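These are my notebook entries on one structure. I record below what I looked up, entry by entry.

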Amino acid sequence: MSGITRYVLRQLAVGMTFVSIALACVLWLTQSLRFIDMIVNKGLSAQDFLVLTLMLMPTFLVVIIPISLFAVTLFTYNKLTVDRELVVLRAVGLSHWMLGRPALILAVLATVLGYSLTLWIIPSSVQNFREMQWNIRNDITGMLLQEEVFNKFGEGLTIYVRSHAANGELLGILVHDKRNPDKPVTLMAERGALVFTDEGPRVLMLNGNRQQVTRGTGRLSVLYFDSYTVDMAKAAGGTDSRFRDARERSMAELFAATEAQLGANDFRRAKVELHQRFTSPLYNLGFTLIALACLLPAGFNRRGQGTQVMTAIGLMVAAQAAALGTTNLATNDLLFVPLMYAAALLPIALSAWFIHRPPRFHRRQRLSAAAA
């Protein structure tokens, strides 16, 4: 590797690292807000919160790295042109491909990293994230019955506690149980406690009443009791019933997925996810080549390269929009799956051709700049 290649590659690598870290931090902060509810209502510890949010980072990196690589390539080569370093390098006989080699080396490394993320790391991290999130949301024993708050457990069970006594006793209990939609029940009690049995956690209620409205007649029936227990173990169901979506399935599972096994909608999502894992890393090469194709053939211009920079940004946004659009089309109909590969490969092919054989206008412009 020549000294020039190392010089440019160092600038690109350092810039991409800092931009990627900055974008990752911004996304991490925005996504962390989703778990505030778990901290407030579920008693999520700081360690669990950190682990849970860090599991999302590999998913962010697949989107962040191509964009940061594009931005750094655009900035670095524009700076080299403005400082006339590229003019000197062209004057000694370096071709467009030799000038763009540092960016292409970094793009290839980013593509390899992207495939490592999409094929192995992301499915594992998403699965661990979903399982941990599921356990936190449905682990009754780790939840807190907060005072003067409607505490929700799973689907259909809500418990309100007025206050806690010093000995752990619950005072002023209100329970609304609609786990059976046809027979919703409301219970009130003066006091009680949260007890743990072999069958799971239960709320023991003392000196209260049970109210139920009969459907159809609208008649209210009230049952007064000295003691009553509410089973909380079934509030959210077992962890075995959790459905694993396409993003947390391994490559082998996605290849073997059938419509009879998953259903029509989830089958299409699984197949689109499979092809997306192959196409997403290619945008590292595509975005880098777009930046190089817009800047390298243009040559030096004393007025700057604002037009080329804006053109590159517009083409990158269009390529990203095409990626999202083709993914949505393929999710609705698998016949559009080839468009996902076309959207990923077309920027690479067209940009490479443009670098190798720029239009005559750019060739004349470069010759005129060299003569001046």
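I counted a salt bridge where a side-chain nitrogen of Lys or Arg lies within 4 Å of a carboxyl oxygen of Asp or Glu. The model is predicted, so I note that local features need pLDDT of at least 70 and side-chain atom pairs count only at pLDDT 80 or more, while totals for chains, interfaces and linings use all residues. Residues are numbered from 1 along each chain as its sequence is written, and side-chain values use heavy atoms, with hydrogens and water left out.

Entry on salt bridges. I searched the whole structure and found eight salt bridges. I looked up R130 and E248, whose side chains meet in one at 3.7 Å, N to O. R130 lies in helix 6 (residues 96-138) and E248 in the loop between strand 6 and helix 7 (251-256), so the pair ties together parts 118 residues apart in sequence. I took helices (H or I, at least four residues) and strands (E, at least two) as DSSP runs, numbered from the N terminus.

Entry on N78. I located N78 in helix 4 (residues 57-82). Its C-alpha atom is separated by 9.6 Å from that of A291, 213 residues away along the chain. Leaving aside neighbours within four places in sequence, I found N78 in contact (heavy atoms within 4.5 Å) with L295, Q305 and V309.

Entry on helix 9 and helix 11. Which residues of helix 9 meet helix 11? I found that R268, R269, V272 and Q276 in helix 9 meet T327, A330, T331 and N332 in helix 11. By class, I noted two nonpolar residues (Ala, Val, Leu, Ile, Met, Phe, Trp, Tyr, Cys and Pro), two charged (Asp, Glu, Lys and Arg) and four polar (the others, Gly among them).
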